[in-house]
Amino acid sequence: MCQLKDCGKNPLGLYRVQEGDTLQSVCARFALPPALVAARNGLRAFPPAGALLLLPDVRGKTYTVCAGETLAAVCEKFGLTEESFCRMNACSYVYPTQLVLVGEG
């Protein structure tokens, strides 16, 4: 006998872009670093309404960068190398209010 199991809200990690969405608004809704979503989808510009985005399955500790913090300072605060930070976040920079991954989940 087969049983159906609950796969959660979005087991495939897909999101259909809605009118008025921005990369920042979508990432804020799902608590995802924008650079990861952009890299996962190969974005050069945000897609139009109706397009599908692949949302990465992010498991880990996140941190919001504060004004005046540098990449080196964030890495030092969480005991990361810049190389590991860049690999986790698909970017090599930080800016105030940026949501970044800083640890394993």
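**Exercises on a predicted model**

At 45% relative accessibility, R16 counts as partly exposed, since that class lies between buried (under 20% relative accessible area) and exposed (over 50%), taken with a 1.4 Å probe and protein chains only. The model is predicted, so local features need pLDDT of at least 70 and side-chain atom pairs count only at pLDDT 80 or more, while totals for chains, interfaces and linings use all residues. Residues are numbered from 1 along each chain as its sequence is written, and side-chain values use heavy atoms, with hydrogens and water left out.

**Exercise 1.** Place R16 in the fold and list its contacts beyond four places in sequence.

*Solution.* Step 1: the protein has four helices and four strands, where helices are DSSP runs of H or I with at least four residues and strands are runs of E with at least two, numbered from the N terminus. Step 2: the order along the sequence is β-α-α-β-β-α-α-β. Step 3: R16 belongs to strand β1, residues 14–16. Step 4: setting aside neighbours within four places, R16 touches D21, G50, A51 and L52, a contact being heavy atoms within 4.5 Å.

**Exercise 2.** Classify the packing of α1 against α2 by angle and by handedness.

*Solution.* Step 1: α1 (residues 23–30) and α2 (residues 34–41) pack at about 110°, and their axes are 9 Å apart. The axes are lines fitted to C-alpha atoms over the stretch in contact, and angles run from 0 to 180 degrees between N-to-C directions. Step 2: that angle makes α1 roughly perpendicular to α2, the class for 65 to 115 degrees. Step 3: the crossing of α1 and α2 is right-handed. Step 4: L23, Q24 and C27 of α1 meet P34, V37 and A38 of α2.

**Exercise 3.** Find which residues of α3 are buried, and where they sit around the axis.

*Solution.* Step 1: in α3 (residues 71–78), the buried residues are L71, V74 and C75. Step 2: they cover an arc of only 100° around the axis, which puts them on the same side of α3; the arc is that of the directions from the helix axis to the C-beta atoms. Step 3: the buried residues of α3 pack against β3 (60–64), α4 (82–89) and β4 (99–104). Step 4: just after α3, G79 takes a positive phi of about 65°.

Notes
Parallel < 35°, antiparallel > 145°, perpendicular 65-115°, else oblique. Left-handed = near helix turned anticlockwise from the far one by under 90°.
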